[in-house]
Amino acid sequence: MFMLDAYRAKLAGLHSHVCPRQILGLRMGMLAGELLGLGLPQTDKRLLAFVETDGCFADGVMVATGCAMGHRTMRLVDEGKIAAVFVDTQTGDAIRIWPAIGVRGRAAQYAPGARSRWHAQLEAYQRMRDTELLAWRRVTPTVDLRAIISRNGVRVTCEHCGEEIINGRERQVGESTLCISCAGSEYFRYVADSRDVRIAVLHAQKA
């Protein structure tokens, strides 16, 4: 049975109030532990969680599982979905969990006296059985888990910008070792003047 009080203190450290998406994250994390046979929240780094949206849902997953960005055991795959894939990195077993279709509409049946749909969902998501609230399927990750986990202490320097790269995220372009941005997959662009000045300083330092 789901007991919110077991998680309330940790949630309070992240949010001023509990919301329905936090409950979904908590319930998904708990179910993942049951389906994969893992004791949660974890104190090691065995479970890896791929959350498909950020925000309070991801915090619910974090509190239930012990997976976190800071521990490198949670990854954001931003698909805008309240869903997550949980991977046992020792066995390779993985499962994707998401809300059952139509669950938001059915929430009113579990909380007919709620003063709003939001409050009905908050109450219903705590009372519903897993089979009513959630859907899940076994999956096979298409990403290289070894590359994601990488190795501690591995550091290289980008031969173009001079910045340090950790966690094996460098790219080999010809004979050059480059960071992802300098290899052409940047998610930002420098303002022309500031970038030119910065690169000129780096080249001067190397000389």
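Predicted model: local features only at pLDDT ≥ 70, side-chain atom pairs only at ≥ 80, totals over all residues.
Helix H3 (residues 56-65) is mostly covered, with nine of its ten residues buried. The buried set consists of Cys56, Phe57, Ala58, Asp59, Gly60, Val61, Val63, Ala64 and Thr65. Elements that cover these residues include helix H1 (5-12), H2, S1, strand S2 (74-76) and S3. Two packed helices are described by the angle between their axes and the distance between the axes. For H2 and H3 the angle is about 35° and the axes lie 7 Å apart. The crossing of H2 past H3 is right-handed. On the H2 side, the contact is formed by Arg21, Gln22, Leu24, Gly25, Leu26, Met28, Gly29 and Met30. On the H3 side, Cys56, Phe57, Gly60, Val61, Val63, Ala64 and Thr65 take part. After H3 comes Gly66, which has a positive phi near 85°.

Nine salt bridges are present in the structure. In one of them, Asp88 pairs with Arg46, and the closest N and O atoms are 2.8 Å apart. This pair links distant parts of the chain, the two residues being 42 residues apart. Asp88 belongs to strand S3 (residues 84-88), whereas Arg46 lies in the loop between helix H2 (20-36) and strand S1 (47-51). With a relative accessible area of 2%, Asp88 falls under the 20% cut-off and is therefore buried. Arg46, at 24%, is partly exposed.

A salt bridge also joins the side chains of Asp144 and Arg146, with an N to O distance of 3.8 Å. Asp144 is partly exposed, its relative accessible area being 41%, while Arg146 is exposed at 71%. A further salt bridge, between Arg155 and Glu164, has an N to O distance of 3.7 Å. Here Arg155 is exposed, with a relative accessible area of 54%, and Glu164 is likewise exposed, with a value of 54%. Side chains of opposite charge can pair when their charged atoms come close.

Leu40 and Pro41 are joined by a cis peptide bond, with omega about 0°. Arg72 has a phi near 60° and is located in the loop between H3 and S2. The relative accessible area of Arg72 is 29%, so this residue counts as partly exposed. Asn167, which is not a glycine, has a positive phi of about 65°. The position of Asn167 is in the loop between strand S7 (164-166) and strand S8 (171-173). Asn167 is buried because its relative accessible area, 18%, is under the cut-off of 20%.

Tyr190 lies in the loop between helix H8 (181-185) and helix H9 (192-206). The relative accessibility of Tyr190 is 32%, and this residue therefore counts as partly exposed. Membership of a patch requires over 30% relative accessible area, a limit that Tyr190 passes at 32%.

Definitions and conventions:
Residues numbered from 1 in each chain as written. Heavy atoms only, no water. Helix = DSSP H or I, 4+ residues; strand = E, 2+ residues; numbered from the N terminus. Buried < 20%, exposed > 50% of the residue type's maximum accessible area, 1.4 Å probe, protein only. Salt bridge = Lys/Arg side-chain N within 4 Å of Asp/Glu carboxyl O. Axes fitted to C-alpha atoms, helices over the stretch in contact; angles between N-to-C directions. Left-handed = near helix turned anticlockwise from the far one by under 90°. Contact = heavy atoms within 4.5 Å.
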